[in-house]
Amino acid sequence: MKSLLALLPIIFLGAQTSFAETQTAQAITQDFMPLQFNQETSAGCSWENTGCITIRIPNLRNADGLLGVALFSSDKGFPENSDKAFALTGMKLNEANPEIVLKNIPYGTYAVCVLHDENANMEMDKNWIGIPKEGFGASNNPKISMGPPEFEESNFVLDSQSMDLVIDINYF
C-alpha cells in the first residue's frame, strides 16, 4: 500500500486527464491559482446553499515554494488522485502561516489534502528510502501511519456559510 507521503504530489503533478494538468500549469504561472471546480465531480451538485472554508496552516517550516490544496467530496481518489478532487487551488508562498479561503462551496461532506512543495519542482521530494523531505497534511489532522488516511477520518461537513479548518503539516 502506498503511503500518503507518496500520493500527495499528485496535487501538483496531475493525473492523466486535463483537469489536474491544467491546474498544474496555472499553479506554476500565478502567485495564487483561483479555485478550479472539476466539472465531472461537481456535476449534479446543488449550488443553492454555499459556504466558505477558511484553511489555516500554522506550522510550515518556511515560506519557500508552493502550497497545493485539493478538496474532495467523496472517497473516490482521496487523497492520491487530484483528478477526482471536487476542486483544486494553490499558491506561491510568501509567508509561513498561509490562509486559503475556498469560496462558494456547496453544502456537503468534504476532505482536504495539502502539499508544501518547498523547492517548487512540482513533486514530493523524498530521501533514498522514500521518506518525504517536504510537508503534507489532511483535514482533521489524522494520524499518519503506513498508508494514507481514509476519507472517513479526514472528512467534515460544510453546512453553514463559513467554517474554519486548521491543517497541521507533517514533516519527517
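## Asp 164 and Arg 56

In this predicted model, Asp 164 and Arg 56 form a salt bridge through their side chains, with an N to O distance of 3.2 Å. Asp 164 belongs to strand E9 (residues 162-166) and Arg 56 to strand E2 (residues 50-56), so the contact ties together parts that lie 108 residues apart in sequence. Asp 164 counts as exposed, at 52% relative accessibility, whereas Arg 56, with a relative accessible area of 33%, is partly exposed.

## Glu 118 and Arg 61

A salt bridge also links the side chains of Glu 118 and Arg 61, where the N to O distance is 2.8 Å. Glu 118 sits in the loop between strand E6 (108-117) and strand E7 (135-138), and Arg 61 in the loop between E2 and E3, so that distant parts of the chain, 57 residues apart, are linked. Glu 118 is buried, because its relative accessible area of 15% falls under 20%, while Arg 61 is partly exposed at 44%.

## Lys 84 and Glu 40

Lys 84 and Glu 40 meet through their side chains in a salt bridge of 3.9 Å, N to O, a value that lies within the 4 Å cut-off. Because Lys 84 lies in the loop between strand E3 (66-72) and strand E4 (87-92) and Glu 40 in helix H4 (residues 39-42), the pair ties together parts that are 44 residues apart in sequence. Lys 84 is partly exposed, with a relative accessible area of 33%, and Glu 40 is exposed at 60% relative accessibility.

## Total

The count of salt bridges comes to four.

Technical notes: Residues numbered from 1 in each chain as written. Predicted model: local features only at pLDDT ≥ 70, side-chain atom pairs only at ≥ 80, totals over all residues. Heavy atoms only, no water. Helix = DSSP H or I, 4+ residues; strand = E, 2+ residues; numbered from the N terminus. Buried < 20%, exposed > 50% of the residue type's maximum accessible area, 1.4 Å probe, protein only.
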